[in-house]
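User: Hey, can you walk me through this one? I'm new to reading structures.
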Amino acid sequence: MEKSFNPKDFEEKWAKFWRENRFFEADENSNKPKFSMVIPPPNVTGVLHMGHALVFTLYDIIARWKRMQGYDTLWLPGTDHAGIATQVVVERKLKEEGKSKEELGRKEFLKRVWEWVEQSSRTINYQLEKLGCSVDWSRYKFTLSEELSKAVRHAFVELYREGLIYRDYYMVNWCPRCHTALSDLEVEYREEKGKLYYIKYPFKENPQEGIVVATTRPETMLGDTAVAVHPQDERYKEAIGKTLVLPIIGREIPVIADDAVDPEFGTGAVKVTPAHDPDDFEIGKRHRLPMVLVIDDWGKMTPQAGEGFAGLDRYEAREKVVEKLKEQGLLVKVEDYTHNVGHCYRCGTVIEPYPSWQWFVRTKPLASPAIKAVEEGKTRFVPENWTKLYFHWMHNIRDWCISRQIWWGHRIPAWHCRDCGHITVSEEEPRVCEKCGSSNIYQDEDVLDTWFSSALWPFSTLGWPEDTPDLRRYYPTDLLITGFDIIFFWVARMMMMGLHFMKDVPFHEVFINGLIRDEHGKKMSKMAGNVVDPLEMIEKYGADALRFTLAVQTVPGMDVSFSEGRLAGYKAFANKIWNASRFVVMNYQGESTEINPARLTPFDKWILHRVSQVARQTNSSLREYRFYEAAERLYHFIWHEFCDWYIEISKLQMREDKENTMAVLINALEAILRMLHPFMPFITEEIWQRLPHQGRSITLTPYPKGDEWEFPEVMEDVTLFMEVVSEIRKIRSENRINPREKIRVSVSLGNHFLSLHLKEISALVGASEVLIGSSFGKGFKGVVKGGEIFVLPGKEMDLEAERQRVEKELKKLEREIEKLAKRLSMPGFREKAPAHVVKKTEEALKEAEDKKQKLEEYYRSL
């Protein structure tokens, strides 16, 4: 093996090897149990970010682990056409060229978008491969492909025929910049400081008197058609039914009573603008008020706003309205006011409530089965607390506006008849109107919300609406991993659609990962300048180090704070594995790798037993998606036990029994590589291929179950041995004894195992003499369970330095005793904690107290 570890030497090689050999393709005819997942399809808007790297790393850990456990594993890849987002990106590109989509026309513009999609898809797929994602490329899907478009049209038509999709003239969230309607979930609310304007509306009969209303948007008053008060509000009972004169415009409007009015807001009287406020829209319908549209779909004032206002931007109009009100003496006062303002989730523009013809999904009938499925445990959220959020949203769900006024996306399969006005909804393009037979028909200009096709993803990707072998075998899928921010956008909608069309949940478990933040806990964003490119990190540290860094920080319910320093640390971990493996490979000379049980030393038994233990614990952690726990355990075991202890001891053992020691080294290392493979696939494949092995790839080998080696009888002795050696090393280090200087050691503890392994102790601590069961009674002192250690250096002992060291050790023990005693005295700890935990805590306290007592005696002697 090369002396220095360099991931660039082999990562690309193994990615190509896996793909060319089609190791990750699922087999729909397999007799193995199945495990299936569909990738959350990244948007074809550019490249993957660190959030993608996190999610796809977690997916890949599970995919590789399940495959090695013997499952026919499908991890289906694909990308999302991402309607508004992709259109915005391409429009921006056109703007740089001095062009617009309107100049190109719909057909030519869509051609440009497809060119972008091809480029972006290639980039994304390249990044997935660089990260080591073991997806089934033979089943790659795109949400706007002909295959999935057919599924989308089928779903739309079915829902329409069942009365679950309808078209209505309704108040929607409108983005003047993207020029499209948005669903409620696509509106981001931000707290902003604004103004609350109090305006007097004079009575027609008595202009000196009037009603004062409060509004944050004075420009919309130009479209007012009433003033509303609560019917029980004593202040306005006499005014109900009277007529007011709308300031500036002069239009006569009534005072009406409606239960929707909040008497506590402002003056208790509210202006009613049915064309520009969702609540006012409903009031207008109840009272049959006229609708006056004064702001158009570009955010400009219409001719109905009156002379002097038409054509102005809505914010320019606001200033001019306030000026006019001041001139007329009708602006009573202005107050500072903090409120939540809706913005477009894509471009950040302040949304405009806007009435228009839109298509909607009737969600209540779809939500009920989706609520029931989670209540009955058919789908489980991990962590479980996300279930509450899911229920809250599903119980309060509103109809979903699914039409978008853009060009890129699934065109709505509805054709309008110019002669009779009927709408024909059909999967195939009709030639004539189904009602009157006229051929004078045209297709609806709108496209579907991106999330509509995404909601079908778990089954449309498997061939639905056809009854395919993939659909029969791999649906429902087993696991979805996603961020909490799209539980509403995506998870809930997949649940509704899956249960409606497939009569079963789309996935059995949903693991909710946290957000990626920078090392200071701030959310990553281009504006903050703290975005990290995963490809740059892979180039600098390797994919394995990046994957391990993300996995080890994935604690359920917590966000991930990404730090390049930690990434460098886990590259050092990969380097440690490389060096340990290099030692094994360099020393192997074709000996038998079959272990001879009769020749096993206690240290051989210890490492093999620990391999089995760690394998069982890692499997348990992965079953519960405790990625951090599995990764941490592997890290500490490999670094601090296999590398730091067994590799060092094996060097001593090989002088007497190289063959069996090599067999243990190779078997232990090979099992460790298999355990680590789902987390660090590239380095484990590279090393595994250099060891004696069976099979073509480590990814096809069985994942260790932890049932191969059991030697519990050696654990206590070897643990004591390690404690003694560690304590002697600590004494050497803290007292700055030259590493080349031979020391003399006494261990007061009489222990047969230690007596048998004086040679190993001497070699590991650099001692010329080691006494077991007796004590020098002087020298640098340390304490282990049940005994004392004295170390005599070659030079005379520095008493003052030794006193300082012991004082430091005593303070440390005092803190430990205080912590353990506090835990034991906590109300309910002894009653509620598991018995083995209580016992372990009590034993740890007694051991710390014994150590302290012995150290105090030694300190007095100094």
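Analyst: Helices (H or I, at least four residues) and strands (E, at least two) are DSSP runs, numbered from the N terminus. The model is predicted, so local features need pLDDT of at least 70 and side-chain atom pairs count only at pLDDT 80 or more, while totals for chains, interfaces and linings use all residues. Residues are numbered from 1 along each chain as its sequence is written, and side-chain values use heavy atoms, with hydrogens and water left out.

User: OK, which residue is the bridge partner of Phe381 in strand 23?
Analyst: That's Val510. Strand 15 (residues 380-382) pairs with strand 23 in the parallel sense, over three bridges.

User: And how many bridges join strand 22 to strand 23?
Analyst: Six, and these two strands also run parallel. Gly483, for instance, stands opposite Asn513 in strand 23.

User: Why is strand 23 called largely enclosed?
Analyst: Because six of its seven residues (507-513) are buried, strand 23 is largely enclosed by the rest of the structure. Buried means under 20% relative accessible area, exposed over 50%, and partly exposed in between, with a 1.4 Å probe and protein chains only.

User: What about helix 2, how many of its residues are buried?
Analyst: 18 of the 19, so helix 2 is largely enclosed by the rest of the structure too. Helix 2 covers residues 50-68 and reaches 27 Å from its first C-alpha to its last, close to the 27 Å expected at 1.5 Å a residue. That expected span is 1.5 Å times one less than the number of residues. Just after helix 2, Gly70 takes a positive phi of about 100°.

User: Switching topic: how many salt bridges does the structure hold?
Analyst: 63. A salt bridge here is a side-chain nitrogen of Lys or Arg within 4 Å of a carboxyl oxygen of Asp or Glu. One of them joins Glu219 and Arg318, with the closest N and O atoms 2.8 Å apart.

User: Where do those two sit?
Analyst: Glu219 is in the loop between strand 8 (210-215) and strand 9 (226-229), and Arg318 is in helix 8, so to speak 99 residues apart. Glu219 counts as buried, at 1% relative accessibility.

Definitions and conventions:
Pairing = 2+ DSSP bridges.
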